[in-house]
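Have a look at the model first, then read on.

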Amino acid sequence: MLPTPDAPAAAATVGAKAALTSRSEDFPRWYQEVVARAELAENGPVRGTMVIRPWGYAIWERLQSALDLRIKAAGVENAYFPLFIPESYLRLEAEHVEGFSPELAVVTHGGGRRLEEPVVVRPTSETVVNSYFARWVQSHRDLPLLINQWANVVRWELRPRLFLRTSEFLWQEGHTAHATETDAYAFALRILNDVYVETMTEVARIPVLTGEKTERERFAGATRTWTCEGMMGDGKALQMGTSHELGQNFARAFGIQFTSEEGRLEYAWQTSWGVSTRLIGALIMAHGDDAGLRLPPALAPIEVVVLLVRDSSDVRSAADTLASRLRDGGHRVRLDDRTDTSFGRRSVDWELKGVPVRVEIGPRDLADGKVTVVTRHTRSKATVGIERAAGMVSEVLAGVGEELYREALAARRARTVEVSTVPEAAEAAAGGFALLRWSELGEQGEDALAAHAMSVRCLHPAGDLEAAVRSDREDRSDRASLVAVVARSY
RNA sequence: CGGGAAGUAGCGCAGCUUGGUUAGCGCGCCUGCUUUGGGAGCAGGAGGUCGCGGGUUCAAAUCCCGCCUUCCCGACCA
């Protein structure tokens, strides 16, 4: 609760029966229950597929706009490429096909006949996009070519989990071509920092660690993969987004060549990058509590619910007036006048869905000219004069995002330990992040950790762990000073 | 794909070991009345190809075989 000039007449914390399995008791079960009870998504009829329900989709739409705005601010244009890709395209980049072939969905029949060449349902679009880039890029004047698409992709996952790993998911994938390696490198990091880190921290309010993936964890076909790693409520890491430098791998495979200012024929340098509906999973697991989802206002489909405790003409007109004032103040408001459903049930439901603020209006308080303002993320209640209510809601909403971020950051810090040996890392990463110098860990150590179901989430320059990986850093080969973030992951 | 568990009404489960009338229970749903300040109460009601396919049998939710799906733990990933 924010401190306010005229302090609330009464403050209390909500006490109710547990709506869900607690996080500490069984985190995976808690996660599934939140997804179901908050009406975010359900399994589709085909294994690994997902039906995203309106509440979940509305969150996705808000994430999409936040990302799309920033992607466009980086100079990228949206386009659309086909769902079906000739199987032969995948084979043109050796590492790429090796990485993706185990999880491809392949169409062998169409129009009732066997296809001459099977088509693949895109697992990612590097191959089609780049086959067109080859046609569009002729001159250095055509570069950089910066394209993004919003699409669905299919990867036949072995162990699906709603939002975190589904066989079909929604995402954006960016594909760019540049004249020089330096440009491509800078752009991959620009997307990482200005689009991904910013959206994750400022909009989703989840702290992320950025850094480079090890060779073992790198994207199939990339020369370098940069990642954003978040810590979930159980101490495990989630890869929330990646930005890849592709070098000239795809340019050579697809013939993306241009004539340079000096008149030489050169291959383009490329990047690709993506984030997906997995971000909704991150939101649930980073911010959720034992009462359900907790949404930062920027992503909440509804920021404030005005709830009629019971119906009467006084209550209704007070609620209508308050809802209008809040709407006029620019907030997304829902009037809950379903008084044929009990107060308790409606309260619990809105808490499950994570609506940041709720205003309860009932005859008792109203007789004193008051209403109750409930803050979801702290589950605290305050009674305020009705004329103050709209102002207080705005004040509370203004603070929720920052408080969620700080809470998540504190939780991550509490579970992050610096260690100096591989066995220590394995022990510490059982419950959070372990930081170990890469020179101490190395690829042998990475193999050893794999036996404990642990991995290097990213390599970050020594020093301030939370500092952005800077795109103007010249020294790219000082690997000895890198710190490995070791964790279990989703 | 390997190891483990499970599929019976929208959800959660019992029944299965030892085959045998009409397959039960809780929640939810519908109707009515009373309620509503933290998951309301009473009364009445609707809802089932027992995951799918095959087999054994006079008879299968129950026994046998195959498949599918879900969950947990691994390997793979946004």
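Two strands count as paired when DSSP finds at least two bridges between them. Helices (H or I, at least four residues) and strands (E, at least two) are DSSP runs, numbered from the N terminus.

A bit of housekeeping: this is a predicted model, where local features need pLDDT of at least 70, side-chain atom pairs count only at pLDDT 80 or more, and totals for chains, interfaces and linings use all residues. Residues are numbered from 1 along each chain as its sequence is written, chains are lettered from A and ligands numbered from 1 in the order in which they are written, and side-chain values use heavy atoms, with hydrogens and water left out.

**Layout and a covered strand**

Chain A splits into domain 1 (10-19 + 295-412), domain 2 (27-287) and domain 3 (416-487); those bounds come from an automatic or database domain assignment. Taken over C-alpha atoms, the centres of domain 1 and domain 3 are 43 Å apart.

Now for β24 (residues 482-487). Its pairing with strand β23 (residues 455-461) is antiparallel and uses 6 bridges, and His460 has Val483 of β24 as its bridge partner. β24 also pairs with strand β22 (residues 433-437), again in the antiparallel sense, over 4 bridges. There, Leu435 stands opposite Val485.

β16 runs parallel to strand β17 (residues 333-336), joined by 4 bridges, and Val304 has Val333 as its bridge partner in β17.

**A three-stranded sheet**

There's also an open sheet of 3 strands, in the order β5-β7-β6, with antiparallel pairing. Its edge strands, β5 (84-86) and β6 (105-110), each pair on one side only. On average, neighbouring strands of this sheet are turned by 50° against each other, direction ignored; the axes behind that angle are lines fitted to C-alpha atoms (for helices over the stretch in contact), and angles run from 0 to 180 degrees between N-to-C directions. β6 and strand β7 (residues 113-121) run antiparallel and share 5 bridges; the partner of Ala105 in β7 is Val121.

**Where the RNA sits**

Which residues come nearest to RNA strand B? Of the 52 residues around the RNA, they are Arg37, Arg47, Arg159, Ser276 and Arg364. A residue is near a molecule or strand if one of its heavy atoms lies within 4 Å of it. By class, this surface has 18 nonpolar, 15 polar and 19 charged residues. For that count, Ala, Val, Leu, Ile, Met, Phe, Trp, Tyr, Cys and Pro are nonpolar, Asp, Glu, Lys and Arg are charged, and the others, Gly among them, are polar. The largest share of the surface, 7 residues, comes from α10.

| Residue and its atom | Atom on RNA strand B | Distance |
|---|---|---|
| Glu103, polar side-chain atom | sugar or linking oxygen | 3.4 Å |
| Glu157, polar side-chain atom | base oxygen | 3.3 Å |
| Arg364, backbone N or O atom | base oxygen | 2.5 Å |

Most residues other than glycine have a negative phi, and most peptide bonds are trans. Glu39, in the loop between α1 and β2 (41-43), has a positive phi of about 55° and is partly exposed, at 34% relative accessible area. Phe163 has a phi near 70° and lies in the loop between β8 and β9 (168-178). At 2% relative accessibility, Phe163 is buried. Finally, the peptide bond from Leu143 to Pro144 is cis, with omega near -5°, and Pro144 is in the loop between α5 (126-136) and β8 (145-154).

How values were computed: Polar contact = N/O pair within 3.5 Å; in protein donor to acceptor, adjacent residues only side chain to side chain. Buried < 20%, exposed > 50% of the residue type's maximum accessible area, 1.4 Å probe, protein only.
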